[in-house]
Amino acid sequence: MTVESLQNRRLPRCMSTQHPDNVTVPFFAQGPIMEGVDEIREAYYAFSHLGCDEQMWDFEGKEVDEFVVEKLLTTYESFFRLFPLGRAFYLTLRVPNPAVDRAQGKILLEVLQAIPRAYDVAHLFYGEAIAPIFEIIFPMTTSAEELNRVLRYYQVFVTGKEEMALIPGDLPLREWIGEFHPKTIQIIPLVEDKTSLLQVDVIVGSYLRDKDLPYQRVFLARSDPALNYGMLAAALLVKVALHRLDRLERALGIPIYPILGAGGAPFRGNFRPDTVERYLREYPSVQTFTIQSSFKYDYPAPAIVQAIETIRQTPRGKPWPIESESRVLDLIERTSACYQRQVQPLAPLVNTLAPLVPRRRTRKLHIGLFGYSRNIGGISLPRAIPFCAALYSLGLPPEILGLADLRPEDPDLIRQVYPSWETDLSDALRYLNEDAFGLLPPGEVEAVRKVLRRLQVDFTPDPAHREITSKILQKLRAGSLESLTDLILQAAWIRRFLG
């Protein structure tokens, strides 16, 4: 993949991902836990039937097939001859970050080494130079140095080694094994923690300083920031990051294309087939939206296809303006501190319920960023999806955590920056069971009730969901975990997302 070909590239609008937030098991899956061949089929299904133009292939924290390119091209030969992988559709790898997950760090090197092999397979298949993989997503990015380190490793130890001779005077590797392509790759920073989201323009600007690139993609997380700082703070962090990336784009004159990783639960983004038009208005500057599993499988197929088509047909715009960034930053700090205070006493119960949440993907042991935080007493929580599933199953939507310390003037500011806030909160409050308030410390219960009364959010409780969460609460109070997985699943069917 050369700079010239990158300039002619069509930037994806819809990235299918492997986030396990779905209730419904896909029709093509061999069982409730997707793995191996199921995910190969999923990639094809996302391209051919749903209309997604990109598939994330996730090596971070889960088992995936390393021979995905070979299997896609040989299993679905006629489709990919008509629609070349790397031109019409894109496969983008998410790799582990060795600084965060040292035990999985060498997988990063294995993935980088495999990119030229995938190129060779595609070259044989198409008879021309097409790179099926030329971008990778680097998670938990905190600095430009991390990105440069990955890029230089690829350029020096992957493609650069083709000029090496193993024995002095012998043939170089390229004459023995063949040339290594693509010569370089694009690194997409995935920014997930508060500090890095607020410095995303500095990180990306520093990375671009010595490079002649036609564009840069930047991935903004939405789930892990919510897990760490609360729903409101997470949404505001994304808003500030988008505002700063737009400013950087104008300063550098290099197109910057944000990717937003939002899920179906309001806490994780509230991005579903029935909220797509609202979302496009709320985040107009986002180029690529993640189409997670609940989006793909928990709604009627025609609605899913129509929603994806709406995204693809809607041109990208400018970000929502932020006129008083300092006030928004203060609001982020206050609400995240309140959220962390309120979630701490819930951690033992959440950690009890999380293992009972049905699994939908084969995952390795992994904890979210919350577990690494030093600001909240060192407690750890499960990943965002089982965390959400646990609290929704208790009738305690996590969206209400962090709001108790809002000041009377704060809602007006929030509406200016995040117009859909109250609608998102209303969507979450449908699953509130006020009997669950007893799970909070006594001092927090009245504060939560008071802020909900003051906000006067209009919502209609779901009686069926409340009935199920009441049964779960009764079982927990009786010290029984029997049948809880079935009840958790029943409640998730009503919500149309697991967590």
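Visitor: What makes Leu166, Ile167, Trp176 and Ile177 a nonpolar patch on the surface?

Guide: In this predicted model, a patch takes in residues with over 30% relative accessible area and no salt bridge, and nonpolar side chains are joined within 5 Å. Leu166, Ile167, Trp176 and Ile177 form such a patch, and together they have about 490 Å² of accessible area.

Visitor: Why is Ile177 called exposed?

Guide: The term exposed requires over 50% relative accessible area. Ile177 has 54%, and therefore it is exposed. Ile177 is placed in the loop between α7 (173-176) and β5 (186-191).

Visitor: How do you know that β4 and β5 pair?

Guide: Pairing requires at least two bridges between two strands. Strand β4 (residues 135-138) and β5 have 4 bridges in the parallel sense, so they pair. Within this pairing, Glu135 stands opposite Gln186 in β5.

Visitor: What makes β3 and β4 a pair?

Guide: The requirement is at least two bridges, and β3 and β4 have 2, in the parallel sense; therefore they pair. Leu93 has Ile136 in β4 as its bridge partner.

Visitor: Why is strand β3 described as mostly covered?

Guide: Buried means under 20% relative accessible area. In β3 (residues 90-94), 5 of its 5 residues are buried, so the strand is described as mostly covered. Tyr90, Thr92 and Arg94 point one way, while Leu91 and Leu93 point the other way.

Visitor: Which arrangement do the strands β1 to β8 form?

Guide: The 8 strands form a closed barrel, in the order β1-β2-β3-β4-β5-β6-β7-β8, with parallel pairing. On average, neighbouring strands are turned by 25° against each other, direction ignored.

Terms used. Residues numbered from 1 in each chain as written. Predicted model: local features only at pLDDT ≥ 70, side-chain atom pairs only at ≥ 80, totals over all residues. Heavy atoms only, no water. Patch = residues over 30% accessible without salt bridge, like charges linked within 9 Å, V, L, I, M, F, W, Y side chains within 5 Å. Areas by Shrake-Rupley, 256 points an atom, 1.4 Å probe, with all protein chains shown as cover. Salt bridge = Lys/Arg side-chain N within 4 Å of Asp/Glu carboxyl O. Buried < 20%, exposed > 50% of the residue type's maximum accessible area, 1.4 Å probe, protein only. Axes fitted to C-alpha atoms, helices over the stretch in contact; angles between N-to-C directions.
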